[in-house]
Amino acid sequence: MSELPGFVELATELPLLAVRDVVLFTDMILPLYVSRDSSLAAVEAAVAESQQIMICSQKDPQIDLPGPDDVYKVGTVAYIMRQAKYSDPRTRILVQGLARAKVKSYISTNPYFRVKADILEEKHNPKNDVEIEALTRQVKEQSQRILALRDILTDDVMRLLDNVESPSRLAELVVSNLKVKVVDAQKVLEASDPLERLRLVNQILSVELKVSTMQAKLEAEARVEMDKSQKEYYLREQMRVIKKELGDESVKDQETIEYRQKLKKARLSKEAMAEALKQLSRLEWMQQDSAESTIVRSYLDWLIELPWQVSTRDHLDLIEAKKILDNDHYDLVKVKDRILEHLAVMKLNKNQKSPIICFLGPPGVGKTSLGRSIAKAMGRKFTRFSLGGMKDEAEIRGHRRTYIGALPGRIIQSLKTVGSNNPVIMLDEVDKIGSDFRGDPASALLEVLDPEQNSNFSDHYLNLPFDLSKVMFITTANTTFTIPPALEDRMELIELPGYSLEEKLCIARNHLLPRLLRDHGLKPEHLAIYDSAVKAIISSYTDESGVRGLERKLAAICRKTARKLAETPDGKMRQVKVTNLQLLKLLGPPSYTPDPKLIEGQVGVATGLAWTESGGSVMFVEARVMPGSGNLSLTGQLGEVMKESAMTVLDLIRFYAQDLGLAKDFFSNSDIHVHFPAGSIPKEGPSAGLAIFTAIISALLYVPAPRDIAMTGEITLRGQIMVIGGLKEKALAALRFGIHKIIIPKQNIKDLVEIPQDLRRKIEFLPVESIGELLALVFPKLSVKLGESKQPKKAAHVRRPYRVPRPTQRQVRVPS
């Protein structure tokens, strides 16, 4: 291929080559790689003719097969100076721009573009010479400043810029050597007036100068930081080498290097990293055996090992989560729905804060194991610790490092143990927290369990903010009476009241027995327990709302079976089949057998229902009337509320004495003794009024109260029945005792929705609103009509009192 001749006659009909990401200017020499079939054909045709080809830029470089509309009209007629063919279809050509040209028409588009072009001449106006001169100097100065900022300004470049006299040549030279967008370079190419060209270039240079200045500033700042780090590294390495040569290199230096390496790998927060480097600098100047250095080392170890930014990935498959919850726990529909709802929200909003849930219920209903299943369903790590008996605030917030043996609080310790900042942490027995002179742990929990505050939880030991907002806290409690109101307000209470006999049977069959067989090394062919035997264990060997006692009894049967299997010489034995008849031999006599005398109705005895921390229980109330002088005796370790209930009942009976067929002054010549059996157990709560009233009326009228009816509710001095709580627990207790009728306050009808349908089918709930309705149910043979509208007469001379406005209704905790 020949060099460019001194004079070339410009062709006006020639092949066209479409190029990407580049604009060719006049006198510009540019290498090009050609690989498209149409481009290769255009190059071959140009070489065969006059070696001239028109080069135009593509509007969109992403198009592989451009058409006439995808190519700019204005381009450059170029001379192909060299051509080099490779083994693959590619060809490398070296071209030099000759003149600007504009496509007049396309002669053909296949197999390559062939066009007719008009050569474009410059339009020079002598009137613009002064402005052109000013713009020329401005363009040269800005070009030099940009090149200087890029550190590529040399004497040769300076001479080249100074020797360019033509404005158009200067504009093309600057644009071709700067990284300018194709659109902007095309505008310069299409401009015919030198003044317009210089204006466009000046605008491009102004923007490029700002960008280059900012880029140089950022590079300088980065270089300063890098130089500082390199200097420190160089000095430390130099010091280490000097010590090594002198034989003074100590274990302390190696320890410092190891700590620095660990800090680089640990994903600490900015505050934690700054504090860690500060403490490490202090450690370098401490004596290795000093007590303070030990404290600093422990502190650095805690900072390095904590999961500041380490999280596990949540499993947001609702179907799989539901399957896991159903496999691990029977029933508990409300709890499972709440967890699945939270997972659904997290699936839609990744930044959703974790709820603070409190499982409220008696022992043995599966509160702790449910938390473990929740962690499994969410794909998170699980840890737990008990708050029962905790009296030191430092157990939550940690000890300050000034104390000997100081450690972080239990929250931070749990996060270090699991190695994740989004685990499920279960706080057991939140209702049994204590307090003394060392602080109040319940108050410290207010910050931990508040989603608005725990994102910056500060442990006294760390003295740094740690984000707890990703942690899912689950607490457990048996009662809410001992939980401070401020702490209770931060938790979402979900009640787990207990299980009925059928529910316990399903739990034993589907969950307890398979696990116990596996734990004791047994197989189903070794032991079979009939459903009738399981029911007998539930009713005669346990008296609980949960299944903990049932699990112990089943474990006892498994142990005896395992011993029998182990004592068999060949390891083969017949399957042990447990029925009701074998229970006496395996478990001994029943622990809970109802007294036949208590099943029959007796004078002065009423059956009440109570709520305790371990669930519901049946409570008998005994009353006796004796000659005396008007004294009321209350025994059985009663609390103040129950004593007031008894006094209210007695005054109500005295008020309706004539309607009940009693003498007006019956109490003046009698003493009444009300006793609650099991006197060693303290009793308190506002739900014994109905039972006390029934027992006293039965004793006064000498009419036995039916024992197949249990009752719960409180009586006011007006004879109205007040609402109570813990209805499901009390219903389960009555059913365990064989009672199928329960008198409840009429206001509790709304709570029957929460009671399972199978339980409602077995128990008849009798709602009452006043003592008149109560008497009609308990003593149907007595024709007692109370003058319930009877009110004490008001003296005529007494002025009508000022009516105090009724206070606004507030939420009142109703102990069961």
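User: Is Trp611 buried or exposed, and what is its relative accessible area?

Analyst: First, note that this is a predicted model. Trp611 has a relative accessible area of 17%. Buried means under 20%. So Trp611 is buried.

User: Which ring does Trp611 pair with, and why is the pair called edge-to-face?

Analyst: The partner is Phe481. The ring centres are 6.0 Å apart, and the cut-off for a pair is within 6.5 Å. The planes make an angle of 65°. Over 60 counts as edge-to-face, so that is the label for Phe481 and Trp611.

User: Where do Phe481 and Trp611 sit in the chain?

Analyst: Phe481 is in the loop between strand E12 (472-477) and helix H16 (485-489). Trp611 is in strand E16 (residues 605-612). They are 130 residues apart, and the pair links distant parts of the chain.

User: What makes Phe481 partly exposed?

Analyst: Its relative accessible area is 37%. Buried is under 20% and exposed is over 50%, with partly exposed in between. Phe481 therefore counts as partly exposed.

User: How many aromatic pairs does the structure hold?

Analyst: Nine. Among them is Trp308 with Phe466, a tilted pair.

User: Why is the pair of Trp308 and Phe466 called tilted?

Analyst: The angle between the planes is 50°. Stacked needs under 30 degrees and edge-to-face needs over 60.

User: What does the pair of Trp308 and Phe466 tie together?

Analyst: Trp308 lies in the loop between helix H9 (291-305) and helix H10 (318-328). Phe466 lies in strand E11 (residues 465-466). The pair therefore ties together parts that are 158 residues apart in sequence. Trp308 is buried at 9% relative accessible area, and Phe466 is buried at 2%.

User: How do you know that Lys416 lies over the face of Trp302?

Analyst: Lys416 is 4.0 Å from the ring centre. The distance limit is within 6 Å, and the charge must also be within 35 degrees of the ring normal. Lys416 is listed as lying over the face of Trp302. Trp302 is also in a ring cluster with Tyr299 and Tyr461.

User: What makes Arg490 and Asp450 a salt bridge?

Analyst: Their side chains meet at 3.5 Å, N to O. The cut-off is within 4 Å, so the pair counts as a salt bridge. By this rule the count comes to 26 salt bridges.

User: Which parts does the pair of Arg490 and Asp450 tie together?

Analyst: Arg490 lies in the loop between H16 and strand E13 (492-495). Asp450 lies in the loop between helix H15 (441-448) and strand E10 (457-458). The pair ties together parts that are 40 residues apart in sequence. Arg490 counts as partly exposed at 25% relative accessibility, while Asp450 counts as buried at 12%.

User: How do you know that Asp531 and Arg509 form a salt bridge, and which helices hold them?

Analyst: The N to O distance is 2.5 Å. Asp531 lies in helix H18 (residues 531-541) and Arg509 in helix H17 (residues 501-519). Asp531 is partly exposed at 38% relative accessible area, and so is Arg509 at 32%.

User: What separates Arg563 and Glu567 in helix H19?

Analyst: Arg563 and Glu567 are four residues apart in helix H19 (residues 548-567), about one helical turn. Their side chains meet in a salt bridge at 2.9 Å, N to O. Arg563 has 59% relative accessibility and Glu567 has 53%. Exposed means over 50%, so Arg563 and Glu567 count as exposed.

User: Where is the kink in H17, and what covers the buried residues of H17?

Analyst: The kink is about 45° and is centred on Ala508. Ala508 is one of the buried residues of H17. The cover includes H10, strand E14 (527-529), H18, H19 and helix H24 (727-736).

Technical notes. Residues numbered from 1 in each chain as written. Predicted model: local features only at pLDDT ≥ 70, side-chain atom pairs only at ≥ 80, totals over all residues. Heavy atoms only, no water. Helix = DSSP H or I, 4+ residues; strand = E, 2+ residues; numbered from the N terminus. Buried < 20%, exposed > 50% of the residue type's maximum accessible area, 1.4 Å probe, protein only. Bend = angle between axes of the 7 residues up to and from the residue. Contact = heavy atoms within 4.5 Å.
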